[in-house]
Amino acid sequence: MSLKSLTPLTPDQAEIQRLARDFAQNEIAPCAAEWDRRSHFEPRLIKQLGDLGFLGMLVPEEHGGLGLDNLTYLIALEEIAAADASAAVLMSVHNSLPTQMLLKYGNADQKRRFLMPMAHGELLGAFALSESEAGSDAASLSVQAVRDGDSWILDGTKSWVTSGDHAGVILAMARTDTPGMRRGARGISTFIITPDLPGFTVGKREDKMGLRASPTVQLVFDRMRVPADRLVGDEGQGFVYAMQSLEHGRLGIAAQSVGIARHALELSIAYANERRQFGHLIKEFEGIQFKLADMATRVHSARALLHAAAAAKDRGESVGPFTSMAKLQASETAMWVTTQAIQIFGGYGYMKDYPVERLFRDAKVTEIYEGTSEIQRIVIGRALTHS
Ligand code: CAA
């Protein structure tokens, strides 16, 4: 029985899926365990993903991208995640957050200077919203931007920035309201930051439970001078832009989660086919079959909701809470399925010699970043009860 998508694919989508799977299985999968062990970020991935066009999948051809639809992008992302969740988050954050912001709200000059090289894979993108005191409550962020002639001066520290130490372009949210007149979510603006700006430094690199091959860093802005033409869109709209980008990003994290869960299921089936106990292959035990059946059902359900949300988005429909549903279901599926995988592997599952241990650690963050499961439930609950 196939674990692959039930969604009917066009010939082009099937071709991109095959391309992504071949690349992921040949170039990434053999290295994933080693990169995880050494917490090693592999820079060649940026070049390779860029050469494939995978860092500009959603960017129209006129801006240097492949101009593909969301469903095709998410199908490719699942394949990358099924090889290495760390590589998948690099691709997801880049394509969803900074790229979507520049595509929707960047002006022509910003698109030419930043979006085009990002779509070619020459510049990696990052997204800096969270701060140590502003995680789920993102609108309470405190990095301050003050206008000074033709520049803005940004002061403060951003936390948990994926790929922040390798990014050539960072879309950062900062307060542009004044301490005496705070405007909440409407007092936040978005700036294009590049590492060459005076006052920019990379701070602490986090030592994480999972996704160890994907760097997560602090970014320190010490009276950093940012040219005024780096403001994205309208002043005071940065929080709304960030939320809209996250609506897109959450689809990417859902695809990453489906990839992790599918990989754990594939490994579990293979193990059940070879492991003998009590004189039998363990696949013959109903207890193992029931587990595998529930795992497969959840993987297919999570993917079906994700693909339905992506297809609706591609038809131009508003999908707000459905992206949260897709992320919620897929990330909780990844955590549950990887937990079952450890149980099927037993003692071996708990050892670092076997890959399911890494998948279990990688799965956890999908319930946390780009909005915790609790935040997704808030978004869904508000949409259901909004009159
Ligand atoms: N689209 C457009 N506008 C939106 C929006 C959306 N999806 N969501 C909110 N807004 C608007 C609201 O309409 C509101 O506008 P008004 O000022 O006109 O009323 C404004 O934004 C403020 O919205 P809320 O009142 O709903 O704001 P809130 O403070 O209650 O927060 C929240 C809402 C959903 C809890 C939000 O804070 C949230 O999503 N928090 C989680 C943050 C998050 O996901 N962080 C991820 C960090 S990035 C990351 O992880 C990337 C990585 O590197 C992997």
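This is a predicted model: local features need pLDDT of at least 70, side-chain atom pairs count only at pLDDT 80 or more; totals for chains, interfaces and linings use all residues.

Student: Which of them are the closest?

Tutor: The closest are Thr162, Arg186, Glu247, Arg250 and Arg382.

Student: OK, what does the side chain of Thr162 do there?

Tutor: An N or O atom in the Thr162 side chain is 2.7 Å from an oxygen atom of the ligand.

Student: And Arg382, how far is its polar side-chain atom from a ligand oxygen?

Tutor: That distance is 2.8 Å for Arg382. Glu370 uses its backbone: a polar backbone atom of Glu370 is 2.9 Å from an oxygen atom of the ligand.

Student: How much of the ligand's accessible area does the protein cover?

Tutor: On its own the ligand has 1100 Å² of accessible area, and the protein covers 71% of that.

Student: Which one gives the most?

Tutor: H7 does, with seven residues.

Student: New topic. What classes of residue make up the shell?

Tutor: The shell has 13 nonpolar, six polar and five charged residues.

Student: Last one: why is the ligand said to lie between domain 2 and domain 3?

Tutor: Because domain 2 (125-236) and domain 3 (240-385) both give residues to the shell around the ligand.

Methods: Residues are numbered from 1 along each chain as its sequence is written. Side-chain values use heavy atoms; hydrogens and water are left out. A residue is near a molecule or strand if one of its heavy atoms lies within 4 Å of it. A polar contact is a pair of N or O atoms within 3.5 Å; within protein, one must be able to donate a hydrogen and the other to accept it, and residues adjacent in sequence count only if both atoms are side-chain atoms. Accessible areas come from the Shrake-Rupley method with a 1.4 Å probe; for residues, only the protein chains shown count as cover. Helices (H or I, at least four residues) and strands (E, at least two) are DSSP runs, numbered from the N terminus. Ala, Val, Leu, Ile, Met, Phe, Trp, Tyr, Cys and Pro count as nonpolar, Asp, Glu, Lys and Arg as charged, and the others, Gly among them, as polar. Domain bounds come from an automatic or database domain assignment.
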